[in-house]
Amino acid sequence: MSDKMNLTRAQFDEVMVPNYAPAAIIPVRGEGSRVWDQQGNEYIDFAGGIAVNCLGHCHPALVEALKTQGEKLWHLSNVMTNEPALELATRLVNATFAERVYFANSGAEANEAALKLARRYALDNYGEDKTEIIAFDKAFHGRTFFTVSVGGQAAYSDGFGPKPQAITHLPYNDVAALEAAVSDKTCAIMLEPLQGEGGIINATPEFLKAVRALADKHNALVIFDEVQTGVGRTGELYAYMGTDVVPDILTTAKALGGGFPIAAMLTTAKIAAHLKVGTHGSTYGGNPLACAIGNAVMKVVNTPEVLDGVKHREQLLRDGLNRINDKYHVFSEIRGAGLLLGAVLNEKYQGRSRDFLNASVAEGLLSLMAGANVVRFAPSLVIPEADIAEGLERFERAVAKVAAA
């Protein structure tokens, strides 16, 4: 019997839990901002694994880091530390507001740690009544039961029994609602500085300032979920750096490993002290393989060339999308920051973002949705300008087909 299997999309339905509905194509190889499927068809990648593949596919620096560390040390568990983890934590501390780092494997796990830390910090300092977490409608913070309950999309958290309590959801960017809700029972305000899954919605400067001021007034912590916006995505290493607000806790994942699973929670020494030995943990958190690749990502991304290049590429992508819209009149606006952009469908095309996604695949372009009314783009931070131009041509053909249908 041969070990070689004939693997097809149909087999997904035979062997996998049906919580996903993957596309018909199966990519098998990637290089830079292009991928190829089983049949050898080529696609330009404007999706980036949902803002994960920040340096594209098989970037030489990441491949080398994986090979080198793979011949040294794979796993220890956290009964011991390791050099790649110490190096990456030091890089993150040196590059941000943070003084302490906790490693995990996914954005949800980093957010779970952040929420537990905020609750423990409040309990230790202010007593057991200070438990309320304020979060926002349309937010997305992960799929653990705690994080999906804090996330502002009930469809993701309903149907699993009683939810974690003391969570209040408010309209995003609504300062008045925030002022009315925050109290001395609030232990944390959690938000994305730019909502991703919720529709690529930018926080206003006034809203962010109100979050910080009200948290300070009521001895609450500010948690920034930068799982999607972090590691150069907005043209800053972290999105908070482009605002006037510094959070108390920040979570990062996705692009931190450039495609290899890793996440981190960043905070101050004072706050971190409340996760004492035994209060939280992760078997794989701080894994040497993951951290070695994270170091390689940081070395490449946290440079003026790459971060400035993100803003240049943003403008190319915006200009191209606006040119397409001038012809076909399908979008009401292009919003977002850096290389996390959303083309918002106008009234005529409401609810049809999947049609644009499917038409794009047929034209050789990978894109994303951010709800039913937004086409989302999150390509590599170093995508060649020629691939942007070619990708936009393919997207235009897709738009033309949807508009003509």
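**Helix pair and sheet: a briefing**

Helices H13 (residues 353-362) and H14 (residues 385-404) pack at about 130°, with axes 8 Å apart. That angle makes H13 oblique to H14. The model is predicted: local features need pLDDT of at least 70, side-chain atom pairs count only at pLDDT 80 or more, and totals for chains, interfaces and linings use all residues. Residues are numbered from 1 along each chain as its sequence is written, and side-chain values use heavy atoms, leaving out hydrogens and water.

**Terms**
- Axes are lines fitted to C-alpha atoms, for helices over the stretch in contact, and angles run from 0 to 180 degrees between N-to-C directions.
- Oblique covers what is left after under 35 degrees (roughly parallel), over 145 (roughly antiparallel) and 65 to 115 (roughly perpendicular).
- Helices (H or I, at least four residues) and strands (E, at least two) are DSSP runs, numbered from the N terminus.

**H13 against H14**
- H13 contributes Asp355, Phe356, Ala359 and Ser360 to the contact (heavy atoms within 4.5 Å).
- H14 contributes Phe395, Ala398, Val399 and Val402.

**The sheet**
- An open sheet of 4 strands runs in the order E13-E14-E17-E16, with antiparallel pairing (at least two DSSP bridges between two strands).
- Strands E13 (331-337) and E16 (368-369) stand at the edges with a single partner strand each, so one side of each has no neighbour in the sheet.
- E14 (residues 340-345) and E17 (residues 374-377) are antiparallel and joined by 4 bridges.
- Gly342 has Arg376 of E17 as its bridge partner.
- Helix H12 (residues 304-328) packs on this sheet and touches E13, E14 and E17. The direction of H12 makes about 175° with that of E13.
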